[in-house]
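Hi,

Here is the structure I said I would pass on.

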Amino acid sequence: MSTDDQTTRHMPEVTLDPADPEAAIAAAAQRCTNWGRWGPQDVHGTLNHITDEDRRHAATLVRSGQTFSLSLPFDMDGPQKGWRRRTNPIHTMLDTGSDAEAGRQGFPHGLGGADDVVTMPLQCSTQWDGLGHIFDHGRAWNDRRAGDVVTSEGDKVTGIETAADLIVGRGVLLDVGRVCGTDGELPDGFAITAEHLQHTITAQGVTAQVGRGDLVCVRTGQLARARRAGWGDYAGGPAPGLSFTTADWIRATDVSGIATDTWGFEVRPNEFHNAFQPLHQVAIPHIGLYIGEMWNLDELAETCAADSRYEFLLTAAPLPVTGAVGAPVNPIAMR
């Protein structure tokens with residue numbers, strides 16, 4: 001379950017032509033594809049890497065019993081500002097204490113209660129991208145036609161509910177912001193390469209080794225900055241994030257999922273003159289990777305740094321909305 005400098009050394013040298021994202025995406029897709037790896041009917045992608053034995057081992061990492069929620073609050077004071085009609089959660093009360101006091105609820109013998117409802121896009125806050133979220137030239141995960149996978153009825157093949165009981169395993173925090181940044185934060189536009197990831201692993205020590213089946217949490221520090229200074233362009237604007245060239249590292253390490261504290265996982269602006277989320281275009285439909293975004297890793301990072309222990313049991317089940325291509329999650333790290 002671990003890797004070392006050899007993984008980075010054995011990956012191909014990738015030189016990006018900023019003017020040609022099409023060629024770079026096609027080449028990375030061919031090098032990194034997992035199509036057919038788990039059979040033509042597979043719907044789980046890289047979650048296949050996590051075995052029952054891996055989950056049993058992850059449970060042994062719990063020593064103190066400390067728990068950390070890695071979720072942002074789901075409320076109207078969130079990062080969204082309307083892009084693609086994404087809004088922050090709207091919380092409305094259906095019944096209140098005032099209704100109970102006034103006797104308007106119609107219950108017998110003095111019983112009163114409260115009820116509420118939340119309306120929100122499924123990817124407006126801490127969430128997983130499912131395998132039906134991104135396509136490459138009309139092809140979805142495992143070389144299916146995009147139109148056969150996601151219709152007006154939702155994702156009928158790889159809907160997020162297929163992962164409802166699978167995303168439990170060894171979590172690893174890579175605090176790239178602390179190791180490679182200034183005052184614990186990377187600047188917007190910082191492209192995290194495989195070399196930065198390996199440098200962070202080396203600096204953090206043996207408990208930060210990454211390998212098959214791991215659920216990797218990459219902290220850039222951007223969320224801490226946004227919560228301190230205001231959301232600004234956090235949702236969709238410039239950000240530190242994974243370089244397009246890390247597609248080979250993702251494939252070579254056989255990790256099961258990667259989550260970041262940024263809105264979009266990969267570096268923004270992207271590394272090409274005219275491109276939008278090219279790493280997504282390889283990672284989701286070709287590698288079959290589950291991608292987590294807007295995860296709150298700051299408190300966990302402080303605790304990991306204090307005792308130099310960066311591995312933990314991570315449970316991160318998405319809300320199993322049938323046919324959804326992404327879903328909210330309240331990830332829990334237990335150390």
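First, the ground rules. This is a predicted model, so local features need pLDDT of at least 70 and side-chain atom pairs count only at pLDDT 80 or more, while totals for chains, interfaces and linings use all residues. Residues are numbered from 1 along each chain as its sequence is written, and side-chain values use heavy atoms, with hydrogens and water left out.

**Cores**

By nonpolar core I mean a set of buried Ala, Val, Leu, Ile, Met, Phe, Trp, Tyr and Cys residues joined through side-chain atoms within 4.5 Å. Buried is under 20% relative accessible area, exposed is over 50%, and partly exposed is in between (1.4 Å probe, protein chains only). The largest core has 63 residues, and Leu-70, Leu-174, Trp-249, Ile-258, Leu-289, Trp-295 and Leu-314 have the most contacts inside it. Helix α10 (residues 278–287) gives the largest share of this core, 5 residues. Helices here are DSSP runs of H or I with at least four residues, strands are E runs of at least two, and both are numbered from the N terminus. Another core, of 8 residues, lies apart from the largest one and includes Leu-72, Leu-223, Tyr-234 and Ala-235.

**Two loop residues**

Val-321 sits in the loop between β15 (311–315) and β16 (326–328) and is partly exposed at 29%. Leaving aside neighbours within four places in sequence, Val-321 is in contact (heavy atoms within 4.5 Å) with Leu-122, Ile-160 and Glu-161. Ser-125, in the loop between β3 (115–119) and β4 (127–129), is buried at 2%. Ser-125 touches Leu-72, Pro-73, Phe-74, Glu-293 and Met-294, again not counting residues up to four places away.

**Salt bridges**

Taking a salt bridge as a side-chain nitrogen of Lys or Arg within 4 Å of a carboxyl oxygen of Asp or Glu, the count comes to 22. Asp-248 pairs with Arg-31, with the closest N and O atoms 2.8 Å apart. Asp-248 is in helix α9 (residues 247–253) and Arg-31 in helix α2 (residues 21–32), so the pair ties together parts 217 residues apart in sequence. Asp-248 is buried at 7%, whereas Arg-31 is partly exposed at 36%.

Arg-219 and Asp-175 also meet in a salt bridge (2.9 Å, N to O), and both are buried. They belong to a network of salt bridges that links Asp-175, Arg-178, Arg-219, Asp-298 and Glu-302.

Cheers
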